[in-house]
Amino acid sequence: MRTICTLLFVWIVLGIQAQIPIVVKIEQRPSSQGVQPAFEVMVPQATATEAIDLWKETIMPKGLFKKGPKMEKVKDEWLVNNVLISDITSSPLNVITQVSSFTGNIYVRIFLQTETGFLGPVGSSPEAVDAANRYIRNYAVDLYRQAVTKELRQEEKELKELENSLGRLQKQNRSYNKQITEAQRDEKDLKNEALQNEELLRSQQNMITLGNTTESGKEQLEKQVKDTHKDIDKNKKEQYKYSRKVSKNERDQRDKISAIERQKMKVEEVRKKLGGIM
């Protein structure tokens with residue numbers, strides 16, 4: 001019951017995360033250039049490193065021959081000057097980026113400085129502001145999708161490891177059953193040998209009674225019968241040992257199958273979450 005409740009809780013959390021909209025807001029925030037309007041967006045699951053790496057790729061696409069501006073970190077800001085983001089404006093921009101990390105999400109703040117000041121709600125081109133809003137939201141969606149894709153790969157990896165573990169258990173179980181079968185075959189042979197020796201022992205006893213043989217032959221047969229019964233007992237212990245291993249193995253298999261089913265559900269939930277990011 002506890003496991004089911006835990007899974008339900010996880011699925012509810014995942015469902016809530018999948019419904020979190022990616023919204024860019026323009027807020028007045030402190031920066032190295034004073035308090036300025038910033039395009040701010042919350043992105044679930046992503047890390048600061050992932051955010052900056054993707055932002056670099058987004059605003060400074062790599063070219064074979066062209067040398068572009070470089071992004072540098074100064075204290076808690078990443079700075080790049082004179083970068084052309086044609087999807088926002090035809091003029092170069094100075095870009096200041098800040099990332100704040102919290103449990104389960106990050107906040108990305110982006111300041112876009114033009115020749116006449118920072119893009120924002122007052123005194124800026126509405127077209128440029130709308131374009132910047134769309135551009136940064138698309139970046140945030142890509143960042144969120146990247147983070148969930150990483151999560152999906154991890155969940156799929158765990159599922160694969162569980163399936164491989166089940167395969168090893170099944171192979172091990174076949175080996176145990178083979179050992180039991182061979183031990184049962186050996187037990188049958190030993191019992192036949194014991195019966196033959198016991199029959200010979202009875203015949204030997206009759207011959208001693210009639211005076212047709214000595215005690216030495218009888219003693220040898222008695223030892224063989226005794227040794228054979230020891231081997232039978234040893235064989236039964238081997239069978240019992242492997243039977244216990246089979247029982248434990250089958251319990252482990254059932255547990256592993258249950259874990260696989262739970263993990264498949266988790267994988268499917270993350271896939272749904274990934275598909276719902278827009």
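Student: What does helix α2 look like in terms of residues and reach?
Tutor: This is a predicted model. In it, helix α2 covers residues 48-59, twelve residues, and reaches 16 Å from its first C-alpha to its last. That is close to the 16 Å expected at 1.5 Å a residue.

Student: Which residues of α2 are buried?
Tutor: The buried residues of α2 are E50, A51, I52, L54, W55 and I59.

Student: Why would residues three or four places apart in a helix point the same way?
Tutor: Because an α-helix has 3.6 residues a turn.

Student: New topic. Where is Q98 found?
Tutor: Q98 is in strand β5, residues 93-102.

Student: Is Q98 buried or exposed, and why?
Tutor: Q98 counts as buried because its relative accessibility is 8%, and buried means under 20%.

Student: What does the side chain of Q98 reach?
Tutor: The side chain of Q98 reaches the backbone oxygen of P30, at 3.1 Å.

Student: And which residues is Q98 in contact with, leaving aside its neighbours within four places in sequence?
Tutor: With those left aside, Q98 is in contact with P30, S31, D76, E77, Y107, V108, R109 and F111.

Student: How many residues of β5 are buried?
Tutor: Seven of the ten, so β5 is mostly covered.

Student: Which way do β4 and β5 run, and how many bridges join them?
Tutor: Strand β4, residues 77-83, runs antiparallel to β5, and four bridges join the two. One of the residues with a bridge partner in β5 is V83, whose partner is L93.

Student: What about β5 and β6?
Tutor: Strand β6 covers residues 105-114, and β5 pairs with β6 in the antiparallel sense over nine bridges. I96 has F111 in β6 as its bridge partner.

Student: What happens at G104 in that hairpin?
Tutor: The hairpin of β5 and β6 has two residues between the strands, and G104 takes a positive phi near 90° there.

Student: Where is the place of Q33?
Tutor: Q33 is in the loop between β1 (24-31) and β2 (34-44). Q33 is partly exposed, as its relative accessible area is 44%.

Student: How far apart are Q33 and I96?
Tutor: Their C-alpha atoms are separated by 9.2 Å, while the two residues are 63 residues apart along the chain. Leaving aside neighbours of Q33 within four places in sequence, Q33 is in contact with I96 and F118.

Student: On to the rings. How many aromatic pairs does a search of the whole structure find?
Tutor: Five. Among them is F102 with Y107, with ring centres 5.7 Å apart and planes at 85°. That pair is edge-to-face because its planes are at 85°, and the cut-off for edge-to-face is over 60 degrees.

Student: Which residues do ring pairs link into a cluster?
Tutor: W55, Y135 and Y139. W55 is also one of the buried residues of α2.

Definitions and conventions: Residues are numbered from 1 along each chain as its sequence is written. This is a predicted model: local features need pLDDT of at least 70, side-chain atom pairs count only at pLDDT 80 or more; totals for chains, interfaces and linings use all residues. Side-chain values use heavy atoms; hydrogens and water are left out. The expected span of a helix is 1.5 Å times one less than its number of residues. Buried means under 20% relative accessible area, exposed over 50%, partly exposed in between (1.4 Å probe, protein chains only). A polar contact is a pair of N or O atoms within 3.5 Å; within protein, one must be able to donate a hydrogen and the other to accept it, and residues adjacent in sequence count only if both atoms are side-chain atoms. Contact means heavy atoms within 4.5 Å. Two strands pair if DSSP finds at least two bridges between them. Rings of Phe, Tyr and Trp (its six-membered ring) pair if their centres lie within 6.5 Å; planes under 30 degrees apart count as stacked, over 60 as edge-to-face and the rest as tilted.
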